[in-house]
2 protein chains.
Amino acid sequence: MTNIRLTTLAESLPDTVPFVGPEAYERARARLFDARLGANENVFGPSPMATRAMAETQHWMYGDPESFELREALAYHNGITPDMIVMGEGIDGLLGYLVRLMISGGDSVVTSDGAYPTFNYHVTGFGGVVHKVPYDNDCEDVVALFKKAALVDAKLVYIANPDNPMGTALNGSDIVDAMQYLPKGTLLVLDEAYLECAPQRVALPLPLSDPRVIRLRTFSKAYGLAGARVGYAMGHPDLIRSFEKVRNHFGMNRASQAGALAALEDQTWLRSVQARIVASRNRINEIARKTGMTPLPSATNFVAIDCGDGPDYAKSVLHEMVTRGVFIRMPLAAPQNRCIRVSCGTPAQLDILAEVLPVAIRAAEAR
Amino acid sequence: MTNIRLTTLAESLPDTVPFVGPEAYERARARLFDARLGANENVFGPSPMATRAMAETQHWMYGDPESFELREALAYHNGITPDMIVMGEGIDGLLGYLVRLMISGGDSVVTSDGAYPTFNYHVTGFGGVVHKVPYDNDCEDVVALFKKAALVDAKLVYIANPDNPMGTALNGSDIVDAMQYLPKGTLLVLDEAYLECAPQRVALPLPLSDPRVIRLRTFSKAYGLAGARVGYAMGHPDLIRSFEKVRNHFGMNRASQAGALAALEDQTWLRSVQARIVASRNRINEIARKTGMTPLPSATNFVAIDCGDGPDYAKSVLHEMVTRGVFIRMPLAAPQNRCIRVSCGTPAQLDILAEVLPVAIRAAEAR
């Protein structure tokens with residue numbers, strides 16, 4: 001393989017993936033899942049207007065590399081100007097660009113231990129060093145995160161609010177209060193993927209132009225377009241403009257741009273989905289409690305459920321669920337890995353959950 | 001902006017874009033183009049089976065991060081194993097990943113002067129140095145490219161066969177012959193975006209597992225799915241596996257995977273498109289010749305037309321075309337920038353071309 005000379009950094013990286021997709025499990029089982037409740041997808045789906053806009057797209061044309069109409073609409077929706085918005089191939093894609101812009105050889109970032117692994121994947125991938133702070137009572141500990149950032153001279157500090165995988169959410173005002181500890185040289189990367197599932201108090205009460213923060217949003221969750229890969233970042237125009245240096249300009253799918261625009265315009269559908277998410281969370285809580293487990297409060301479209309007996313037991317429960325056709329996931333780091341994580345589902349899917357969870361628990365206990 | 005500390009490399013990069021999209025021109029004109037013949041899109045569109053597969057996709061689910069079914073089908077189609085194929089967000093996305101894997105701080109690459117600028121964009125973006133070799137009679141000069149690669153110890157040498165922007169194509173066997181000059185430490189990046197538009201002689205007669213070459217293909221051209229962003233790379237399994245280190249695993253759109261699979265399965269449609277491309281090229285040649293210009297031989301879905309009077313004149317012709325509602329582009333480097341570049345169109349669009357080109361020429365001459 002003499003013709004393939006990877007960089008020293010690339011040579012050092014593992015070729016593992018941050019997440020295994022549900023399809024891989026399905027192929028291994030040679031059977032589809034009966035309930036797909038593991039990837040925090042939105043089973044209620046996108047607005048029918050979005051589906052129609054995508055179906056009517058002329059796929060032979062490249063998408064507008066500026067995503068102009070979508071950015072205009074998002075700017076209007078958020079009361080800002082389009083130069084404060086950059087689109088990307090999901091939040092994952094945008095995190096990659098952001099890390100590439102700011103992190104190289106040994107630069108530090110701070111995140112919570114057990115938070116979104118794809119951020120860490122990008123940081124390691126660009127030669128950065130990930131410093132971790134434990135969760136505080138299953139919530140991101142913003143003061144500790146910011147103090148750690150000062151200690152290690154972090155360029156980025158990552159917070160998801162609401163949090164994934166725990167589903168908990170801080171008040172936006174509490175983050176603002178904690179920002180007195182945010183060092184001058186640290187950018188707050190605020191992942192708001194689940195914001196549309198959360199109560200108003202969760203939003204960060206700071207202007208979107210605040211140069212201390214970049215906010216990441218997506219059409220994958222409440223808008224129901226995970227398969228379409230449409231994320232966006234909002235922040236100070238100088239920061240947003242810098243993405244032009246590195247992004248895949250023609251990377252945005254044409255149909256996805258049309259679909260996201262239509263989804264954004266159908267706020268009535270969004271509200272109906274939000275109501276269904278709340279109902280689904282309540283039902284998941286009820287199902288969990290019935291088995292003696294403890295659901296955590298959630299401001300997202302999923303519920304972390306404390307199985308009550310440590311990580312090995314939670315892993316067993318998860319295994320027994322997946323074996324029985326219910327795809328779920330679980331937090332990866334202690335002590336959050338005492339939980340399983342169940343995405344909101346339709347009433348029919350939650351009927352399956354209600355049926356399978358007690359059986360899986362008995363099987364896990366019998367191990 | 002104290003919170004935003006870009007890397008030294010990112011700081012040095014311009015925030016310009018490799019290409020301006022046709023939509024930007026349309027917004028500037030406040031009018032849609034009458035004929036969109038500038039981005040080498042496939043106006044004949046994808047297989048209706050692909051369109052249907054995309055319309056029937058459940059967009060709420062993430063796409064399979066392994067693009068398993070599509071890679072299986074491509075492997076079967078190409079007589080190889082799936083571990084020799086990686087999918088990406090168009091060839092642009094894959095070029096970005098490849099460059100990231102292999103190029104850092106001052107590493108060299110070689111390309112033709114005036115070849116695909118997005119490759120150069122990525123190389124510069126990862127801190128590499130682009131060395132250029134002139135075209136030879138409007139064809140890529142493979143021997144010169146490989147010799148230059150030896151001279152500068154290039155890690156990558158980029159060749160598009162068929163070539164963009166000139167439309168010319170080398171025999172695959174001529175590239176193989178020239179590979180005696182390819183240094184042991186240089187990987188040949190063979191961009192075959194237009195291969196399905198070309199005669200059989202253009203294909204590289206080497207096993208796809210040859211570790212000296214990585215081949216880039218796309219569903220954006222002959223398959224008519226530019227808006228869906230589906231590219232793939234084929235090569236030695238060790239090289240292909242390394243993409244797992246850096247790619248955006250959940251970056252592939254779900255509908256696009258389904259659309260590409262359906263498009264691949266409809267080879268009858270592909271053949272009909274190929275016939276229409278040939279007919280369209282012939283018509284463009286005829287239209288060009290009628291005005292006294294010289295169309296270059298093309299193995300692609302576009303024709304480079306020698307305007308016969310240097311770059312300023314070609315630029316004027318292009319300007320007058322765009323002003324009159326016909327979107328075309330032109331090569332950027334001398335002496336290829338004596339040409340304009342016209343993508344294949346429907347008979348109706350080529351009627352517009354036939355009408356507007358002579359008028360644009362008269363206007364350019366009158367300048």
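**View 1. The loop between helix H7 (142–152) and strand S5 of chain A, where A:Asp153 is found.** In this predicted model, local features are described at pLDDT of at least 70 and side-chain atom pairs count only at pLDDT 80 or more, whereas totals for chains, interfaces and linings use all residues. Residues are numbered from 1 along each chain as its sequence is written, and chains are lettered from A and ligands numbered from 1 in the order in which they are written. Helices (H or I, at least four residues) and strands (E, at least two) are DSSP runs, numbered from the N terminus. A:Asp153 has a phi near 50 degrees, a positive value in a residue other than glycine. With 12 C-beta neighbours inside 10 Å, A:Asp153 counts as exposed; a residue is called buried if 20 or more other C-beta atoms lie within 10 Å of its own, exposed if 12 or fewer, and partly exposed in between, with C-beta atoms placed from the backbone.

**View 2. B:Arg229 in the loop between strand S7 (213–218) and strand S8 (231–234) of chain B.** The phi of B:Arg229 is near 55 degrees, again a positive value in a residue other than glycine. B:Arg229 is buried, with 34 other C-beta atoms within 10 Å. Most residues other than glycine have a negative phi, and most peptide bonds are trans.

**View 3. Helix H4 (residues 68–78) against helix H10 (residues 254–265) in chain A.** The two helices pack at an angle of about 25 degrees, with their axes 9 Å apart; axes are lines fitted to C-alpha atoms, for helices over the stretch in contact, and angles run from 0 to 180 degrees between N-to-C directions. H4(A) and H10(A) are therefore roughly parallel to each other, given that angles under 35 degrees count as roughly parallel, over 145 as roughly antiparallel, 65 to 115 as roughly perpendicular and the rest as oblique. The crossing of H4(A) and H10(A) is left-handed, a term used if the near helix is turned anticlockwise from the far one by less than a right angle, with right-handed used if clockwise. A:Glu69, A:Leu70, A:Ala73, A:Leu74 and A:His77 of H4(A) make the contact with A:Gln257, A:Ala260, A:Leu261 and A:Leu264 of H10(A), where contact requires that the C-beta atoms of two residues, placed from the backbone, lie within 7 Å.

**View 4. Helix H12 (residues 310–323) and helix H13 (residues 347–366) of chain B.** Here the packing angle is about 130 degrees and the axes are 8 Å apart, which makes H12(B) oblique to H13(B). Their crossing is right-handed. From H12(B), the residues B:Tyr313, B:Ser316, B:Val317, B:Glu320 and B:Met321 meet B:Val356, B:Ala360, B:Ile361, B:Ala363 and B:Ala364 of H13(B).

**View 5. Helix H11 (residues 267–290) of chain A and the elements against which its buried residues pack.** At 1.5 Å a residue, the 24 residues of H11(A) should span 34 Å, and the end C-alpha atoms are 35 Å apart, which agrees; the expected span is 1.5 Å times one less than the number of residues. Among the buried residues of H11(A) are A:Trp269, A:Val273, A:Ile277 and A:Ile284. The buried residues of H11(A) pack against strands S9 (294–295), S10 (302–306) and S12 (339–343) and helix H13 (347–365) of chain A. Just after H11(A), A:Gly292 takes a positive phi of about 90 degrees.

**View 6. Strand pairing around S10(A).** S10(A) runs antiparallel to S9(A), to which two bridges join it, and antiparallel to S12(A), with five bridges; strands pair if DSSP finds at least two bridges between them. A:Thr294 has A:Asp306 as its bridge partner in S10(A), and A:Ile305 has A:Ile340 in S12(A). S9(A) and S10(A) form a hairpin with six residues between them. Four of the five residues of S10(A) are buried, so S10(A) is largely enclosed by the rest of the structure.
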